[in-house]
Amino acid sequence: MADDLVQFEKAGDEAQVEPGPGDTAAGSAPNATALISDIHANLEALTTVLADIEKRGISRILCLGDIIGYGPDPCACIDLVAQKCEWALMGNHDFAVLYEPTSFNPSAESAAFWTRQQFELEKDPVARRKRWEYLGNLKIRERIGNALYVHASPRRPINEYIFPDDVITAPSKMAQIFDRIEHRCFVGHTHVAGVFTDEPDFYPPADLDGTYHFSEREKCIINPGSVGQPRDRDPRASYAVLFPDRVEFVRIAYDIQAVIDKVKKIDDLSDFLGLRLLEGR
Ligand SMILES: [Fe+2]
């Protein structure tokens, strides 16, 4: 497994060496917005992604939810998102920690209760209250111009999955979802990066050479993928950079083994939550 990790990291390093269309030599990208989602308390992935965003000169960052749940560093991740992001949305795991985990599998439920405990164990009452307030004030949806931002779907903004297979197996579901979108919608939740169009169709970033150009004739749903728990068989952290005319998808390697080691030391977090990161599933 250690060899696999090295291989993935090399692959990620190479991917970052190649300058992409979104790279900025001047170190300032005023028209760019970074979209991050599904961090899931993975501090190593989050800090790596934030450093990459800073390197590109991007100062505006939006978070599509699921800051916490599954991973070993919920407090640090909430604090960083609160500090770095213009706003963040409420994900189902954020909701579960704040209220109740419903329809969660046993390892996700256990992680939610453990996460809540970490918030409660904070000795500084001001820091403790600030975190709970931040979690409680996460937005359910945001609308900017003709773009809608939700964690999951326009119909059920916290919980409904929009899977790539839905374009084939559930076209009426996709039609109903697109009916609620004026032009563009940005979602997370599935941990699978890509673009849905209103054909309906789904394009993973590899099919788009990493960039999707907006079209006035085509509605789209963009998923930037997951920072902290990708599930598209690519273990590198995933996020997207939004420009007025396009969105660019980014993958970046991070220290997965450090996260696995932390998860293993925490009894209430299943070892699987760490090991799955190696395979990006
Ligand atoms: Fe998630």
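Helix axes are lines fitted to C-alpha atoms over the stretch in contact, and the angles between them run from 0 to 180 degrees between N-to-C directions. This is a predicted model, in which local features need a pLDDT of at least 70 and side-chain atom pairs count only at pLDDT 80 or more, while totals for chains, interfaces and linings use all residues. Residues are numbered from 1 along each chain as its sequence is written.

**Confidence**
- The chain averages a pLDDT (the predictor's confidence in each residue, from 0 to 100) of 91, and 90% of the residues score at least 70.
- Over residues 1-26 the pLDDT is below 50, and this stretch has 30 contacts in the model beyond near neighbours in sequence, a contact being two residues whose C-beta atoms, placed from the backbone, lie within 7 Å.

**Helix packing**
- Helices (H or I, at least four residues) and strands (E, at least two) are DSSP runs, numbered from the N terminus.
- The axes of helix α2 (residues 43-55) and helix α3 (residues 74-84) come within 10 Å and cross at roughly 20°; the two helices are therefore roughly parallel to each other, where angles under 35 degrees count as roughly parallel, over 145 as roughly antiparallel, 65 to 115 as roughly perpendicular and the rest as oblique.
- Leu43, Leu46 and Leu50 in α2 meet Ala76, Cys77, Leu80 and Lys84 in α3.
- The axes of α3 and helix α6 (residues 125-136) come within 11 Å and cross at roughly 65°, and α3 and α6 are therefore roughly perpendicular to each other.
- In this second pairing, Cys75, Ile78 and Ala82 of α3 meet Arg131, Tyr134 and Leu135 of α6.

**Sheet**
- An open sheet of six strands runs in the order β3-β2-β1-β11-β12-β9 with mixed pairing, two strands being paired if DSSP finds at least two bridges between them.
- Because β3 (87-88) and β9 (211-213) stand at the edges with a single partner strand each, one side of each is left without a neighbour in the sheet.
- Strand β11 (residues 237-242) pairs with strand β12 (residues 246-252) in the antiparallel sense over six bridges, and the bridge partner of Val241 in β12 is Glu248.

**Backbone geometry**
- Most residues other than glycine have a negative phi, and most peptide bonds are trans.
- A cis peptide bond, with omega about 5°, joins Glu199 and Pro200, and Pro200 lies in the loop between β7 (194-197) and β8 (201-203).
- His189, although not a glycine, has a positive phi of about 80°, and His189 is found in the loop between β6 (184-186) and β7.
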